[in-house]
Amino acid sequence: KFPDPPTSRILFILNRSVLEKEVADEKIENELAEYNLKVLNDAIENGLWGGRVQASEAGVGLAKKSSHPIYSTYSSVSGSIIDFFLAVQADIFVGTEVSSFSVDVEIT
């Protein structure tokens, strides 16, 4: 049995800009994307488990903010590398079996 909460910090691994573009595109009606973005924003702002667990993002956003001439320019690739190494070092990783990223984290 896992403790409640199971950890003090959670890192969401995703490309936020892709989700935001989907929500902003008026040609696409995607209620699930809208809901996911709302829940993500709430988790980042307020934490999880009643605020006892800090939620954050790294990856693409961190690469963009770095101002590094290569990492910030190719933020999707460099952000994925950052997320991969953070995931490999995590005590707990939750992924999906249809994701090549999740599979790579699991077998590393």
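Predicted model: local features only at pLDDT ≥ 70, side-chain atom pairs only at ≥ 80, totals over all residues.
**Exercise 1.** Determine how the axes of helix α4 and helix α5 are oriented, and which residues meet in their contact.

*Solution.* Two packed helices are described by the angle between their axes and the distance between the axes. Begin with these two quantities: the axes of α4 (residues 75–89) and α5 (residues 100–107) come within 9 Å and cross at roughly 40°. Because angles under 35 degrees count as roughly parallel and 65 to 115 as roughly perpendicular, α4 is oblique to α5. Next, take the handedness: the crossing of α4 past α5 is right-handed. Finally, list the contact: α4 contributes Ser80, Asp83, Phe84, Ala87 and Val88, which meet Phe101, Asp104 and Val105 of α5. Sorted by class, this contact comprises 5 nonpolar, 1 polar and 2 charged residues.

**Exercise 2.** Locate Trp49 and Ser67, and classify each as buried, partly exposed or exposed.

*Solution.* Most residues other than glycine have a negative phi. Trp49, however, has a positive phi of about 50°, and Ser67 has a positive phi near 60°. Then place each residue: Trp49 belongs to the loop between α2 (31–46) and β2 (54–57), while Ser67 belongs to the loop between α3 (59–65) and α4. For the last step, consider accessibility. Trp49 counts as partly exposed because its relative accessibility is 35%. Ser67, at 62% relative accessibility, counts as exposed, since the cut-off for exposed is over 50%.

**Exercise 3.** State whether the peptide bond from Asp4 to Pro5 is cis or trans, and place Pro5 in the chain.

*Solution.* Most peptide bonds are trans. The bond from Asp4 to Pro5 has omega near 0° and is cis. Pro5 itself lies in the segment before β1 (9–12).

Technical notes:
Residues numbered from 1 in each chain as written. Heavy atoms only, no water. Axes fitted to C-alpha atoms, helices over the stretch in contact; angles between N-to-C directions. Helix = DSSP H or I, 4+ residues; strand = E, 2+ residues; numbered from the N terminus. Parallel < 35°, antiparallel > 145°, perpendicular 65-115°, else oblique. Left-handed = near helix turned anticlockwise from the far one by under 90°. Contact = heavy atoms within 4.5 Å. Nonpolar A, V, L, I, M, F, W, Y, C, P; charged D, E, K, R; others polar. Buried < 20%, exposed > 50% of the residue type's maximum accessible area, 1.4 Å probe, protein only.
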